[in-house]
Each structure stands twice: as structure tokens, then as C-alpha cells.
Amino acid sequence: MFWSTLLSFFGLTSCAFENHLEKCSDPPHPQQSILFIGNSFTYYGNMPLVFSKLAKERHPNRDIRVYSQAGPGLQLAQHANDKNATETLMNSDKWNVVVLQDQSEMALHPQTLKTMASSCRWFDQRIQKFHGKTALLMTWCDLNRPQDQLPISKAYRDIARDLDAIVIPAGELFLEVTKNDPSIAIYDVDQHHPSHYGSFLVACLTEDILLHTKTELAEIVSKRLHHEGRKDLIEQKLQEYADDFAIRELSQPR
């Protein structure tokens with residue numbers, strides 16, 4: 001009743017959107033299971049699939065199950081009100097990590113920020129029931145509105161602190177790469193969605209944060225062994241940006 005009332009308030013209904021399940025990696029006996037829940041910021045460029053491939057490259061002996069539940073423009077509140085999403089969350093064995101990504105402007109307005117925080121709490125309570133860990137995929141500002149990243153970052157970090165959740169600070173990394181290397185087009189032509197390279201960057205950072213310790217990343221960076229054989233030099237550079245940024249993120253006190 002709570003979510004139905006909330007969605008009605010914002011003029012949203014469960015039948016007004018498409019919500020698709022994508023099985024990016026589905027080994028029979030996974031050692032780790034990760035679920036992504038979000039919208040186009042998650043599924044553009046097949047980001048969860050790229051994440052699963054990166055994980056396989058760096059952890060060839062670890063079987064990782066990766067699913068993605070997403071649809072265009074979806075808010076977490078809509079996912080919470082959707083039977084398909086809740087069944088994926090609660091009835092697909094146990095998830096070690098569930099990555100939540102809310103609609104990109106939710107963090108910018110007081111009323112929608114409250115909805116975002118409530119949605120994250122709703123999911124976190126259910127994730128804790130199967131002893132999983134919540135991760136928040138921080139969204140990024142539009143290319144022409146860098147001033148929006150500060151409130152977006154604060155919102156995600158505040159909620160993560162309240163829930164003791166993991167933060168994947170993709171928005172802050174987008175801002176850094178755009179500032180330091182504007183020749184790499186990590187935004188799509190709409191200056192809002194990620195380009196192919198932007199989605200790759202998000203996948204790299206997510207893999208770094210979820211599957212490595214700071215010590216492991218420092219060793220990778222010192223050797224750069226994972227770049228051997230990577231043909232795309234831009235992807236190689238973005239991987240380096242993500243690794244270096246993740247080390248700094250993992251060095252921060254929780």
C-alpha cells in the first residue's frame with residue numbers, strides 16, 4: 001500500500017514501464033552472485049555484461065553469477081512495486097551483493113531525495129534478510145551541469161552511510177575523467193547517458209570496488225598486467241583511471 005500510494009503521488013504505475021531481467025553470467029555453481037537493479041544508466045552499453053566479462057578476466061578461477069533487472073527511466077520505488085523485480089530479488093537464491101541505481105535526478109530535489117532514501121532502505125531491509133550487502137551505484141551529472149554532482153554525491157554517500165552500504169562513486173569518476181581527459185567521450189550525444197566508453201568506465205569501477213581490496217588493486221596498478229592484450233587503447237586508459245580512483249576510494253575511512 002505504501003508504494004502504491006507513493007507511486008500514485010508521482011503519477012507512476014507499475015504497468016507504465018518495462019522491466020527486463022538480463023542474465024549476464026549464470027554458472028551452475030557460482031561462488032559469488034551479484035544483482036544490478038536500475039535503469040538506462042545501468043543497462044546502457046550492456047554495463048553489467050561488461051562487468052561480468054571484466055570479472056572473468058581478472059578472476060578466471062571464480063564463477064560469478066551476474067543478473068541485471070532494469071528498464072528505461074525506472075526509479076527504485078517502481079522496482080519495489082514491480083512483481084518481476086521483487087521476485088528476482090527474493091526468489092533467485094541468495095545475492096552476495098545487490099547494486100542499486102536510482103533515477104538520475106532523484107538526488108537533486110528534497111521530496112524525491114526522501115523517496116530515494118526510503119527506496120534504498122526498503123531494498124536494504126530485504127537484502128539483509130538473505131545476508132547480502134547493498135551497494136549504491138552513484139549516478140553522474142549531465143555533461144553541461146557539473147555543479148549537480150556535489151548534491152548527487154552527497155545524497156548517495158549519506159544514504160550509504162546510514163545503511164552501511166558500499167558506494168560505487170561513478171559520478172565522481174565521470175567528473176574527474178571529463179575534467180582531465182575531455183577528448184574521451186564518456187557521454188552519449190545527449191550529454192546525459194553514458195557512451196560505450198562511459199559504460200565501460202562504470203563497469204571497471206564497479207569491478208574494482210566490489211571484487212578487490214585496496215592491496216590487490218595496488219598490486220595490479222604496479223604491474224599493469226591486466227592491460228596485456230587489450231586492443232582498445234582508450235579502454236586501457238579508462239581502466240587505469242578506474243583502478244587509480246578505486247584505490248583512493250578504498251583508502252577512505254568508512
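**Group meeting: helix pairs, a proline and the cysteines**

I start with Pro194, which is buried, with a relative accessible area of 3%. Buried means under 20% relative accessible area, exposed means over 50%, and partly exposed is in between, using a 1.4 Å probe and protein chains only.

Before going on, a note on the model. It is a predicted one, where local features need pLDDT of at least 70 and side-chain atom pairs count only at pLDDT 80 or more, while totals for chains, interfaces and linings use all residues. Residues are numbered from 1 along each chain as its sequence is written, and side-chain values use heavy atoms, with hydrogens and water left out.

Back to the proline. Pro194 sits in the loop between helix 8 (170-180) and helix 9 (196-211). Helices here are DSSP runs of H or I with at least four residues, strands are runs of E with at least two, and both are numbered from the N terminus. What does Pro194 touch, not counting residues up to four places away in sequence? The list is Phe41, Tyr44, Trp140, Phe174, Ile186, Tyr187, Asp188 and Ser199. Contact means heavy atoms within 4.5 Å. From Pro194 to Asp82 there are 112 residues in sequence and 26 Å in space, C-alpha to C-alpha.

In that loop between helix 8 and helix 9 you also find Gln191. Its phi is near 60°, a positive value in a residue other than glycine. Gln191 is partly exposed, at 32% relative accessibility. Asn46, not a glycine either, has a positive phi of about 50°. Asn46 belongs to the loop between helix 2 (40-43) and helix 3 (47-58).

Now the helix pairs. Two packed helices are described by the angle between their axes and the distance between the axes. The axes are lines fitted to C-alpha atoms, for helices over the stretch in contact, and angles run from 0 to 180 degrees between N-to-C directions.

Helix 8 and helix 9 pack at about 125°, with axes 10 Å apart. The two are therefore oblique to each other. On the scale used, under 35 degrees is roughly parallel, over 145 roughly antiparallel, 65 to 115 roughly perpendicular, and the rest oblique. Helix 8 brings Ala170, Leu173, Phe174 and Val177 to meet Gly198, Leu201, Val202 and Leu205 of helix 9. By class, this contact has 7 nonpolar residues, 1 polar and no charged. Nonpolar covers Ala, Val, Leu, Ile, Met, Phe, Trp, Tyr, Cys and Pro; charged covers Asp, Glu, Lys and Arg; the others, Gly among them, are polar.

Next, helix 10 (residues 214-223) and helix 11 (residues 233-251) pack at about 150°, with axes 9 Å apart. That angle makes helix 10 roughly antiparallel to helix 11. Their crossing is left-handed. Residues in the contact include Leu217 and Ile220 of helix 10, and Ile247 and Leu250 of helix 11. The contact of helix 10 with helix 11 divides into 7 nonpolar, 1 polar and 3 charged residues.

Last, the cysteines. How many disulfides are there? The count is 0, where a disulfide is a pair of cysteine sulfur atoms within 2.5 Å. For Cys24, the nearest cysteine sulfur, that of Cys204, is 15 Å away. Cys24 is buried at 17%.

Conventions. Left-handed = near helix turned anticlockwise from the far one by under 90°.
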